[in-house]
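Reader: I'm new to this. Could you walk me through how to read a structure like this one?

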Amino acid sequence: MKKLSIIGMPMDLGQLRRGVDMGPSAIRYAEVVERLKTLFDEIEDLGDIPVGRPEVVIDRESKLRNLELVTEKNGKLAEEVDKVVQRGWFPLVLGGDHSIAIGTLAGVSKHYKNLGVIWYDAHGDLNTADTSPSGNIHGMPLAVSMGIGHKMLTELGGYCPKVSPENIVIIGARALDEGEKDLIKEKGIKVYTMHEIDRMGMAKVMEETIAYLKNRTDGVHLSLDLDGLDPQDAPGVGTPVFGGITYRESHLAMEMLAEANLITSAEFVEVNPILDERNKTAKVAVELMGSLFGEKLL
Ligand SMILES: NC(=[NH2+])NCCC[C@H](N)C(=O)O
Ligand SMILES: [Mn+2]
Ligand SMILES: [Mn+2]
């Protein structure tokens with residue numbers, strides 16, 4: 001029985017640009033349920049985790065923006081995701097800024113001995129309070145999930161770390177801060193930057209990624225930041241970076257993941273309808289979900 005559970009996480013506290021809290025609505029308007037219905041035996045939409053519109057608070061000691069609230073709301077998300085996995089349903093989380101990966105992974109990872117993570121993103125999201133140029137927590141979730149960062153975040157769900165560096169593959173990177181580069185080298189994280197994607201082609205990148213993770217993990221979470229795609233194909237994001245993964249390459253990547261039957265949880269993040277063009281980015285997200293869950297033309 002293939003069962004899909006959709007959870008909306010209208011979080012915008014991990015960064016500064018308003019509008020990303022409307023991501024889950026935009027993705028629903030793009031008919032996510034209708035599109036995925038035929039690919040599952042059962043599908044449910046659990047609605048949104050309440051986030052609200054609290055005032056921005058900068059943590060005095062760490063300088064992290066909205067630290068307490070990001071922690072609290074991600075704790076709620078982790079609980080919901082945990083219940084979904086426990087029931088044997090596939091959790092699909094709709095963001096929201098990328099700080100929500102902290103909650104998703106806290107809910108998912110306890111169910112696996114050796115969780116793998118595919119981080120599809122222009123960025124590494126490997127900053128800490130010390131290396132962050134912005135103080136924005138959406139630039140930190142991958143480091144946090146490895147156990148590096150503020151204790152409140154790394155200890156979410158009562159265990160740490162959620163993923164070990166050897167089980168991570170970053171795809172699409174083209175904007176890394178200095179501290180992130182150091183961390184990648186220090187921890188030996190596998191990264192396919194745009195250079196490798198151009199050089200090897202997406203097919204080879206995905207073949208290698210799948211072979212690498214299949215051997216060493218017992219579940220793989222896909223964390224897909226829409227800014228991994230080129231801004232031409234996905235303009236509705238808060239931190240666009242030129243020279244990204246194309247629409248076609250992204251479909252191919254999702255199709256190959258579907259064929260490999262590798263992914264056990266997923267989130268699609270950083271859709272910002274205010275910055276978008278006629279909901280294009282939300283539509284692209286839904287189309288990619290179709291490919292990820294096994295949609296075929298023939
Ligand atoms: N999930 C994202 N869009 N992250 C962008 C992060 C940008 C920058 N590296 C920062 O830490 O502020
Ligand atoms: Mn990004
Ligand atoms: Mn990101």
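**Reading the model**

Author: Let's start with one residue: Asp 125 sits in the loop between β4 and α5 (141-145). Helices (H or I, at least four residues) and strands (E, at least two) are DSSP runs, numbered from the N terminus. This is a predicted model, where local features need pLDDT of at least 70, side-chain atom pairs count only at pLDDT 80 or more, and totals for chains, interfaces and linings use all residues. Residues are numbered from 1 along each chain as its sequence is written, while chains are lettered from A and ligands numbered from 1 in the order in which they are written.

Reader: What is the phi of Asp 125 near?

Author: Most residues other than glycine have a negative phi, and most peptide bonds are trans. Asp 125 has a positive phi, near 50°.

Reader: And which peptide bonds are cis?

Author: Gly 95 to Gly 96 is a cis bond, with omega near 10°; Gly 96 is in the loop between β3 (90-95) and α4 (101-108). Cys 160 and Pro 161 are also joined by a cis bond, with omega about -5°, and Pro 161 belongs to the loop between α6 (151-154) and β5 (168-173).

Reader: How do I read a sheet?

Author: Strands of a sheet pair through backbone hydrogen bonds, either parallel or antiparallel. Here an open sheet of 8 strands runs β2-β1-β3-β8-β7-β4-β5-β6, with parallel pairing; two strands pair if DSSP finds at least two bridges between them. β2 (42-48) and β6 (190-193) are at the edges with a single partner strand each, so one side of each has no neighbour in the sheet.

Reader: Over how many bridges do β4 and β7 pair?

Author: Strand β4 (residues 115-120) and strand β7 (residues 219-225) pair in the parallel sense over 6 bridges. Gly 116, for instance, has Val 220 in β7 as its bridge partner.

Reader: Which residues does UniProt list for "binding site"?

Author: The unreviewed UniProt entry gives His 98, Asp 121, His 123, Asp 125, Asp 225 and Asp 227. Such positions use the numbering used here, feature names are shortened, and annotations may be inferred rather than shown by experiment. These residues spread over 130 residues of sequence yet cluster in space, with a largest C-alpha distance of 12.0 Å.

Reader: How many residues surround ligand 1?

Author: There are 15, and the closest are His 98, His 123, Ser 134, His 138 and Gly 139. A residue counts as near if its C-beta atom, placed from the backbone, lies within 6 Å of the molecule or strand.
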